[in-house]
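Let's take a walk through this protein together, one piece at a time. Keep the sequence and the 3D view side by side as you read.

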Amino acid sequence: MPRQPVADRARRGRTVRAGSVLSVRVEGRTLTVCLGLLVALLALVSVSLTTGDYPVTVPDVLRTLVGRGERADEFIVLGLRLPRVVTGLLVGCALGVAGAVFQLVTRNPLGSPDVIGFTSGAVTGALVVLLVLRSGGWATSFGALAGGGVTALLVFLLSTRGGVQGYRLILVGIGVSAVLQAANSYLLTRSRVEDAQQAQVWITGSLNGRGWEQATPVAIGLAVLLPVLLLAGRSLTLLDLGDDAARALGVHVDRTRVLALVVGTALTALAAMAAGPIAFVALAAPQVARRLTGAVGPGLVAAGLTGALLLLVSDFAAQRLFAPTQLPVGVMTGAVGGLYLAHLLVAQWRRGRG
């Protein structure tokens, strides 16, 4: 069967309007996939809240959530497990959406914060706070936010000659990332062993000990930034047709690309603030979501739900596979993501040869 043209596939589905400003095009398959992802997330949240060294039944969890649980259950569920699960959901969603935005802007499956260098910039900012300024807590989070933001600005300025080009953005980002990784290694080798060990745990990416203070900024960021992307949904979808076609259809290409980069960078930095630089979720989630939905365009909702599911599954595995030792979730996503990246590179190489 011949492949259906992108423009024809983009016309499928229904447009759902919320007032006179926001309209979202919904396809039946995409809606079904998103509902399935929601069901899987609810099941995984239930398992995460009920299992552990202190088992809690589902009825006890429900009673605790409505304020009628035992004191021990309240401490376990509300104080330890629920904040970790919510942080994982929000961070995974932010990374999935950010990855979808970067891959759309660059029109390349390798276009993710991990590859472009924004994650390395967040690590550099955090290491400066931890190892040079000898601080921690919220200062580390804001250091990561500042590092990611400065790196994004640097990559953007170095790649904007003659307009923002996706391939140039990736190449410049890879170069900046290499320099930052060298700087990070230097900071680690020049610090005390105790400080380096503490920093290494953070830069691996972890949900251990995360509370509401980490989840809240990510929730606010998603609530503000995701509607911005949805409002620009039509323009973002048309970018997938190429710059010339998008311009012919009335899209301000450079303005839309800059807006998407700013929002994607902000989501990446917020995720790093909350859980550290968790690798490969932003790279894999949008592509898995697109293969599941078969949709044209950014697929922001599906990518966000897929990112949340991937991160929660990885965190659950990191807690249980080597119990009682709990690994940082970044170890698990790095191991799985490395294999996925190798598969992606081989697929790209074969496609190029074909």
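Valine 58 is found in helix α3, a helix that covers residues 58–65. Please keep in mind that you are looking at a predicted model. Together with Leu62, Leu65, Val66 and Leu78, Val58 forms a nonpolar patch on the surface. Helix α3 supplies the largest share of the patch, with 3 residues.

Stay with helix α3 for a moment, and turn to charge. Side chains of opposite charge can pair when their charged atoms come close. Here, arginine 63 and aspartate 60 meet through their side chains in a salt bridge, with 2.3 Å from N to O. Because the two are 3 residues apart in helix α3, about one helical turn separates arginine 63 from aspartate 60. Across the whole structure, a search finds 4 salt bridges.

Now move to another pair of helices. How do α2 and α14 pack? Helix α2 (residues 28–50) and helix α14 (residues 281–293) pack at an angle of about 125 degrees, and their axes lie 9 Å apart. Where they meet, α2 brings Arg29, Thr30 and Val33, while α14 brings Arg291, Leu292 and Thr293. Sorted by class, this contact holds 2 nonpolar, 2 polar and 2 charged residues.

Key
Residues are numbered from 1 along each chain as its sequence is written. This is a predicted model: local features need pLDDT of at least 70, side-chain atom pairs count only at pLDDT 80 or more; totals for chains, interfaces and linings use all residues. Side-chain values use heavy atoms; hydrogens and water are left out. Axes are lines fitted to C-alpha atoms, for helices over the stretch in contact, and angles run from 0 to 180 degrees between N-to-C directions. Helices (H or I, at least four residues) and strands (E, at least two) are DSSP runs, numbered from the N terminus. Contact means heavy atoms within 4.5 Å. Ala, Val, Leu, Ile, Met, Phe, Trp, Tyr, Cys and Pro count as nonpolar, Asp, Glu, Lys and Arg as charged, and the others, Gly among them, as polar. Patches are made of residues with over 30% relative accessible area and no salt bridge: like charges are joined within 9 Å, nonpolar side chains (Val, Leu, Ile, Met, Phe, Trp, Tyr) within 5 Å. Accessible areas come from the Shrake-Rupley method with a 1.4 Å probe; for residues, only the protein chains shown count as cover.
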